[in-house]
Amino acid sequence: MKTLDQITVTFTSRSANEGFARTAAACFAARLDPNLEELADIKTAVSEAVTNAIVHAYPDSLGKITMRLRLLEGGVLEVQIRDSGVGIPDIEQARTPLFTTGSEERSGMGFTIMESFMDGLTVRSKPGRGTTVTMRKRIARRAGAGL
């Protein structure tokens with residue numbers, strides 16, 4: 001798919017930046033004129049992906065998280081969240097509902113939530129080198145919509 005526009009934002013893995021990331025993604029996605037449900041889905045998925053990076057990629061330190069947002073032809077938003085943290089040794093296990101490497105208060109539903117709110121989800125990871133989560137969502141075309 002052809003890229004129509006894109007932005008890349010890098011921020012520190014501080015919990016306060018989760019809200020920044022979801023707001024930035026929502027603002028960028030607004031160019032496709034999503035309805036409120038589509039916008040809420042995007043914000044929820046971004047929150048889950050960024051929170052996973054904050055909590056799991058850098059459990060004992062701060063690190064960098066990079067979010068790349070692309071508007072693709074056909075009304076598709078692509079969101080990529082990348083970290084250089086500890087990585088995921090077993091992606092299939094990590095994507096299993098209720099599995100978590102976090103504390104007791106973690107639900108283990110992050111990937112399941114991302115998958116349910118977006119149209120596509122891929123996860124690539126290398127232990128010791130980081131994780132990249134890529135999500136796509138097609139926004140229904142409405143009269144007068146932007147791109």
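Guide: Helix H1 passes helix H2 in a right-handed crossing, and in this predicted model the two pack at an angle of about 145°, with their axes 9 Å apart. On the H1 side, the contact is made by Glu18, Ala21, Arg22, Ala25, Ala26 and Ala29. H2 answers with Leu39, Ile42, Lys43, Thr44, Val46, Ser47, Val50, Thr51 and Ile54. Sorted by class, the contact of H1 with H2 has nine nonpolar, three polar and three charged residues.

Now let us look at H1 itself. The helix covers residues 16-29, and its 14 residues should span 20 Å at 1.5 Å a residue; the end C-alpha atoms are 21 Å apart, so the two values agree. Buried in H1 are Asn17, Glu18, Ala21, Ala24, Ala25, Ala26, Phe28 and Ala29.

An aromatic pair comes next. The structure holds one such pair, formed by Phe11 and Phe20. Their arrangement is edge-to-face, at 6.0 Å centre to centre and with 80° between the planes. What about the burial of the two partners? Phe11 has 7% relative accessibility and therefore counts as buried, whereas Phe20, at 40%, counts as partly exposed.

Between E1 and H1 there is a loop, and Ser13 is found in it. Because its relative accessibility is 5%, Ser13 counts as buried. Leaving aside residues up to four places away in sequence, Ser13 touches Ile54, Tyr58, Ser61, Leu62, Gly63 and Ile65.

Finally, let us step back to the whole protein. The secondary structure comes to four helices and five strands, and from the N terminus on the elements run β-α-α-β-β-α-α-β-β. Of the 147 residues, 44% count as buried. Among contacts between residues at least 6 apart in sequence, 67% join residues at least 24 apart.

How values were computed
Residues are numbered from 1 along each chain as its sequence is written. This is a predicted model: local features need pLDDT of at least 70, side-chain atom pairs count only at pLDDT 80 or more; totals for chains, interfaces and linings use all residues. Side-chain values use heavy atoms; hydrogens and water are left out. The expected span of a helix is 1.5 Å times one less than its number of residues. Buried means under 20% relative accessible area, exposed over 50%, partly exposed in between (1.4 Å probe, protein chains only). Rings of Phe, Tyr and Trp (its six-membered ring) pair if their centres lie within 6.5 Å; planes under 30 degrees apart count as stacked, over 60 as edge-to-face and the rest as tilted. Axes are lines fitted to C-alpha atoms, for helices over the stretch in contact, and angles run from 0 to 180 degrees between N-to-C directions. A crossing is left-handed if the near helix is turned anticlockwise from the far one by less than a right angle, and right-handed if clockwise. Contact means heavy atoms within 4.5 Å. Ala, Val, Leu, Ile, Met, Phe, Trp, Tyr, Cys and Pro count as nonpolar, Asp, Glu, Lys and Arg as charged, and the others, Gly among them, as polar.
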